[in-house]
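Here are my notes on the model, as numbered points. Please read them with the coordinates open.

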Protein chains: 2
Amino acid sequence: MAGRDCQDGNEGRAVRELLDRIGDKWSLLVIGTLRQGPLRFGELQQQVGGISQRMLTLTLRHLERDGLATRTVFAEVPPRVEYELTALGRTLIPLVGALAEWAASNHLLIDANRARFDAAR
Amino acid sequence: MAGRDCQDGNEGRAVRELLDRIGDKWSLLVIGTLRQGPLRFGELQQQVGGISQRMLTLTLRHLERDGLATRTVFAEVPPRVEYELTALGRTLIPLVGALAEWAASNHLLIDANRARFDAAR
DNA sequence: CGGTATCCCTCGTGATACTG
DNA sequence: CAGTATCACGAGGGATACCG
């Protein structure tokens, strides 16, 4: 199946659409953070690190809209809201893992290439 | 190795940096297009589809800078320039493939979720 | 606690024109 | 053919303040 739609056109569109969905600044990070289980809004913000309240809200709404995560409100005081990956969202975990692994393995190499390239010009 | 640096902090940074590099609008698409072998600037622009000359140039410089692709100029008339993935760049092909496959398998499902979500509000 | 609303500014991107 | 230069626009995203 990976080899069938390799006539540039279809694969390109598929990748493009995926990037439009989770290729933004925070989606993959939030998905990665949720991989171990449900988290509250505040915990999520703290663990992702560096994300503003606004962007976390927007990202979560986006994931919810795409059916990648669920939002559960508990009628308590103080209010508690938990977010959790759906089954579909969990299918992305291996991809995020692969990306993270690639990044961890190669970022030093890339930094070296980049420094060399910058020095050469 | 995938399970070692899962203390959110490191994995998060790694994914973030990877996204800063290839998470833009065109990088993954160009990498995917180059997977079969070297291409000239014009061929690349045509096969990627929808990318402006400017963005293709920027994207290619970016990939070159990170050591993911090479630029080869042939001293001919008319001028010919070919771009090709490096060994490092080729290690990304399986990831792009996995992403494309995931997107192809799930985009209908996501569209349905999205339609339902939009209808509910 | 977990949002929403508003302001504001940077950056990515496209269009167009010009060059070697 | 394969770029570079310039402009101009709109979305992305941070900061802040307020709400249930």
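1. In chain B, B:T70 stands opposite B:E84 of strand 3. Six bridges join strand 2 of chain B to strand 3 of chain B, and the two run antiparallel. Strands here are DSSP runs of E with at least two residues, helices are runs of H or I with at least four residues, and both are numbered from the N terminus. Two strands are called paired if DSSP finds at least two bridges between them.

2. On conventions: this is a predicted model, in which local features need pLDDT of at least 70 and side-chain atom pairs count only at pLDDT 80 or more, while totals for chains, interfaces and linings use all residues. Residues are numbered from 1 along each chain as its sequence is written, chains are lettered from A and ligands numbered from 1 in the order in which they are written, and side-chain values use heavy atoms, with hydrogens and water left out.

3. The chain B sheet is open, with three strands in the order 1-3-2 and antiparallel pairing. Its edge strands are strand 1 (39-40) and strand 2 (69-74), each of which pairs on one side only. Helix 4 of chain B lies across strand 2 and strand 3 of chain B and runs at about 115 degrees to strand 2 of chain B. Contact means heavy atoms within 4.5 Å. Axes are lines fitted to C-alpha atoms, for helices over the stretch in contact, and angles run from 0 to 180 degrees between N-to-C directions.

4. Chain A also has an open sheet of three strands, in the order 1-3-2 with antiparallel pairing. Strand 1 (39-40) and strand 2 (69-74) of chain A stand at the edges with a single partner strand each, so one side of each has no neighbour in the sheet. Strand 1 of chain A pairs with strand 3 (residues 80-85) of chain A over two bridges, in the antiparallel sense. In this pairing A:R40 has A:E82 as its bridge partner, and A:L39 stands opposite A:Y83.

5. Strand 2 and strand 3 of chain A pair in the antiparallel sense over six bridges and form a hairpin with five residues between them. A:T70 has A:E84 of strand 3 as its bridge partner. Helix 4 of chain A lies across strand 2 and strand 3 of chain A, at about 115 degrees to strand 2 of chain A.

6. How much area is buried between chain A and chain B? About 4700 Å², of which carbon and sulfur atoms give 63%. In chain A, A:R65, A:W102 and A:R114 lose the most area to chain B, together 15% of what that side buries. Buried area is the accessible area (1.4 Å probe) that two parts lose on being put together, summed over both. The contact takes 51 residues from chain A and 51 residues from chain B.

7. Of the 19 residues around DNA strand C, A:Q53, A:T57, A:R71, A:Y83 and B:R54 come nearest; a residue is near a molecule or strand if one of its heavy atoms lies within 4 Å of it. Sugar or phosphate supplies 59% of the atoms of DNA strand C within 4 Å of the protein, and bases the rest.

8. A polar side-chain atom of A:Q53 lies 2.7 Å from a base nitrogen of DNA strand C. Helix 4 of chain A gives the most to the surface near DNA strand C, with four residues.

9. Of the 18 residues around DNA strand D, A:R54, A:M55, B:Q53, B:R71 and B:Y83 come nearest. Sugar and phosphate account for 62% of the atoms of DNA strand D within 4 Å of the protein. Base nitrogens of DNA strand D lie 2.8 Å from a side-chain N or O atom of A:R54 and 2.7 Å from a polar side-chain atom of B:Q53. Helix 4 of chain B gives the most to the surface near DNA strand D, with four residues.

How values were computed:
Polar contact = N/O pair within 3.5 Å; in protein donor to acceptor, adjacent residues only side chain to side chain.
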